[in-house]
Structures are given as C-alpha cells and as structure tokens.
Amino acid sequence: MGREGFARSAGDAATCEATLGRSVSVRGAGLHTGRVSRITLAPAPAGHGVRFAVRCPVTNARAEVPAASSGWVASRMSTSLDLGGGRKLRTIEHLMASLAASGIDNAAVTVEGTEIPILDGSAARWCALIDAAGRVTQARPRLALRIRAPFQVDGLHGFLRAEPCAGFSVDVSTDRLPGFGVLRWAGPIDAASFRTAIAPSRSFGNASLIWRTLLKTRLARTLLPCATRERLWARSFESQTVCGGDGPGPTLPRPEYQRPIAPETQARMHPRDREPLLRGARPGRVAILLGGRVLGGARFPDEPVRHKILDLVGDLALAGRPILGRIVANCPTHALTFAFLTELMRHPECWEVVSLADLPPPTVP
C-alpha cells in the first residue's frame, strides 16, 4: 500500500481502532548497544494496545511489557521500558512514533534482542514497514485523550505544554544546538504529514561531544600523550559558537500554566545504572552535527528540531491513546515528556477521554 493510500485509509476509519494487516520483520543494530536485534510487528486484537514480547538472545530471558508510561524507565538518550530484573528494552521511540502517527492502536511486537534497531536513524523505514503491512480497522471505538485546559511542566533547559485543540499538532523549538541558533517547526501531525515532514529526520549527535567522549576512553589514554589529548580537547570547542541572526524565536513558556513535578516523578527521571551509550553510532545511522552544519548534508534545513518532534511523538504515544491537543515545547527531552504524561494524569481537570466516533467531523477549509 502506497503512502497516499495509507493516509486515506487511516483518515477514513479514524473513529475505530486499527491493527496491522500482516506480520512484517526487520533486523538491525541498536544505537547504544551496537547489538543486532530482530523485530517482528504482528496484528493484535482490538483492545490489545501495543505490547512488546522480548527475548534476550544472550540470557534467553523473556518478558512481555505494554507500551505505557507506567513502564517507562530512565535511560540515557533513549526511551526505554522496564522488563524487570534490572533489564530494559531501549530506544523504542522511533517505532512508537511511526505506529502512533499511522493510526495503529494494536500491535504485537516481538523483539529478539535488548534494543530496537536504529536503522538509518530516522522513522522512514519503520513507516515503510507499516505501509507494507497495511492498516486494518477493528470493531471497537477509538478513544482519545482530549486536552481541556492548558497544562505545562518545566525542565532544566526547556518546557512542554499541552493546549486544547481539535486535532493533534505541535509547535517545537530548540535553541541549545551549538552553531544552529534557534530551530522551530510547527504544524499538524497525521499519517501524511509525519511521513513527509518528520519521519525522514535522523537522530543526531554533536561531533565535538562524540570526540570528547572518545578522548576519555581507556584506548585514547593509552595511545595519546596527555598533552595531545588536552590539545584535541580544547580544539573540540572551537566550532561551537551559537549563531544569532534573524531566524525564528523559540517557543515561550506560560508560567501561569506550569505545574510542579512531584518528587517521586523526579526520582524516576534520572538513570541509576551504567549502560552502553552510542556503541552503534556511525555515519549512516546518525546525523553528525559540527559547527552549525550536518556532515554529509541535511535532509531538511531544520532537521534536528524535526527529529526532536519525532522523538516527542513517540514518547507521547506511551499515553496509550491518541492525544487531541496542541503540544508546545522548547528543548523537550525523553525524561521531560515522561514527567509531562505522569503529572498530566494527576490533573484530570485538564483532560478527558473521548470516543472519536462522538466528535464532529473535522471541517474542510
């Protein structure tokens, strides 16, 4: 099924839950562990939700976990689910974003490994896989989380706010990428817009940060004299001048809508264990940022902020149902989005669960 056909079928049957038409599989290396995993997406009955059945090929340990914010566990630079026994399934955000934007409510995901493959760093291949499987509607009304009143949480360097809106749209900025200035993208998110404007954007890494990480490894300390390492460390900061200019301004917080993050939620936002980091990162899997440019060329002039939105859509999918609202954010992170969903559930006056079948059809301009 092509992209246009998929978008039409998703739109025509948006009031009912949907699953995949057939099983599809893919193999690939993880961004952080570097290990190869095999993922199979299969149809699931109505009301099933998205669930991961995970088998670790090393220990043969098995676990099944729903894709829900209640199972979220802190993990560096990724979204992870707690498998119990100190184990976690890492980097689910790109797959979750693709399923959510495609209107797939129910899917059985089998994972042979410990991390979802990064593929080319974007969600384009996940969308292609879902398109190949097709979308089948089911005889169960589709429920959505509708935002009734503005709700905001603040993080160390940014914020995330939900506002009432008839559909699902975003307005996201980032102003903490050295050399890039302010990047901002706003618009509605649906199957079509996600595939064309958001899904192709890739995970990114700052080359200078990666270089500094390598300089701290035991191999670098063994091979390079101290003076050489100090000189290379200093040079890694030379290209990190934040651009000014007449570009867009960042999204702005609204202090009157800010809600505190409970201490127990804050305690869950920070990783407590050491875990592999960026062992699978290399050209072809991530976009490397250096001095305000993307090495090898960018897919969009504002590709980094579009990828921020991709991650945000995937993290919000852990709400377990579509969100009807406008999401406004600056520098959102995986941990901040988890805190947003957790604290939003504590304020039922700000949201309600509605059946999409009971809502008036969207107006056509």
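Are phenylalanine 151 and phenylalanine 340 buried or exposed? Both phenylalanine 151 and phenylalanine 340 are buried, where buried means under 20% relative accessible area, exposed means over 50% and partly exposed is in between (1.4 Å probe, protein chains only). Keep in mind that this is a predicted model, in which local features need pLDDT of at least 70, side-chain atom pairs count only at pLDDT 80 or more, and totals for chains, interfaces and linings use all residues. Residues are numbered from 1 along each chain as its sequence is written, and side-chain values use heavy atoms, with hydrogens and water left out.

**Aromatic pairs and a charge over a ring**

- There are two aromatic pairs, going by rings of Phe, Tyr and Trp (its six-membered ring) with centres within 6.5 Å, where planes under 30 degrees apart count as stacked, over 60 as edge-to-face and the rest as tilted.
- Tryptophan 72 and phenylalanine 338 make a stacked pair, because their ring centres are 4.1 Å apart and their planes sit at 10°.
- That pair links distant parts of the chain, with tryptophan 72 in strand E6 (residues 72-73) and phenylalanine 338 in helix H10 (residues 334-345), 266 residues apart; helices (H or I, at least four residues) and strands (E, at least two) are DSSP runs, numbered from the N terminus.
- Tryptophan 72 and phenylalanine 338 are both buried.
- Phenylalanine 151 and phenylalanine 340 have ring centres 5.8 Å apart and planes at 65°, so this pair is edge-to-face.
- Phenylalanine 151 belongs to strand E12 (residues 151-154) and phenylalanine 340 to helix H10, so the pair ties together parts that are 189 residues apart in sequence.
- Elsewhere, the charged end of arginine 306 sits over the ring of phenylalanine 300, 4.1 Å from its centre; the test is NZ of Lys or CZ of Arg within 6 Å of the ring centre and within 35 degrees of the ring normal.

**Salt bridges**

- Side chains of opposite charge can pair when their charged atoms come close.
- The model has 20 salt bridges, each being a side-chain nitrogen of Lys or Arg within 4 Å of a carboxyl oxygen of Asp or Glu.
- One of them joins arginine 51 and glutamate 64, whose closest N and O atoms are 2.9 Å apart.
- Arginine 51 is in strand E4 (residues 50-55) and glutamate 64 in strand E5 (residues 62-66), 13 residues apart.
- Arginine 51 is partly exposed at 26% relative accessible area, while glutamate 64 is exposed at 52%.
- Lysine 88 and glutamate 275 meet in a salt bridge at 3.1 Å, N to O.
- Lysine 88 sits in strand E8 (residues 87-89) and glutamate 275 in the loop between helix H8 (263-268) and strand E17 (287-290), 187 residues apart, and both residues are buried.
- Glutamate 163 and arginine 326 form another salt bridge, with their closest N and O atoms 2.7 Å apart.
- Here glutamate 163 is in strand E13 (residues 159-163) and arginine 326 in strand E19 (residues 323-330), 163 residues apart.
- Glutamate 163 is buried, with a relative accessible area of 15%, and arginine 326 is partly exposed, at 28%.
- Glu163 and Arg326 are also part of a salt-bridge network that includes Arg161, Asp171 and Arg184.

**Strands and sheets**

- E6, E7 and E8 form an open sheet of three strands in the order E6-E7-E8, with antiparallel pairing; two strands pair if DSSP finds at least two bridges between them.
- E6 and E8 are the edge strands, each with a single partner strand, so one side of each has no neighbour in the sheet.
- Strand E7 (residues 80-84) and E8 run antiparallel and are joined by three bridges.
- Lysine 88 turns up again here, as the bridge partner of aspartate 82.
- E12 and E13 also run antiparallel, with four bridges between them, and a hairpin of four residues joins the two strands.

- Helix H2 (residues 93-101) is largely enclosed by the rest of the structure, because eight of its nine residues are buried.
- Among the buried residues of H2 are Glu93, His94 and Leu95.
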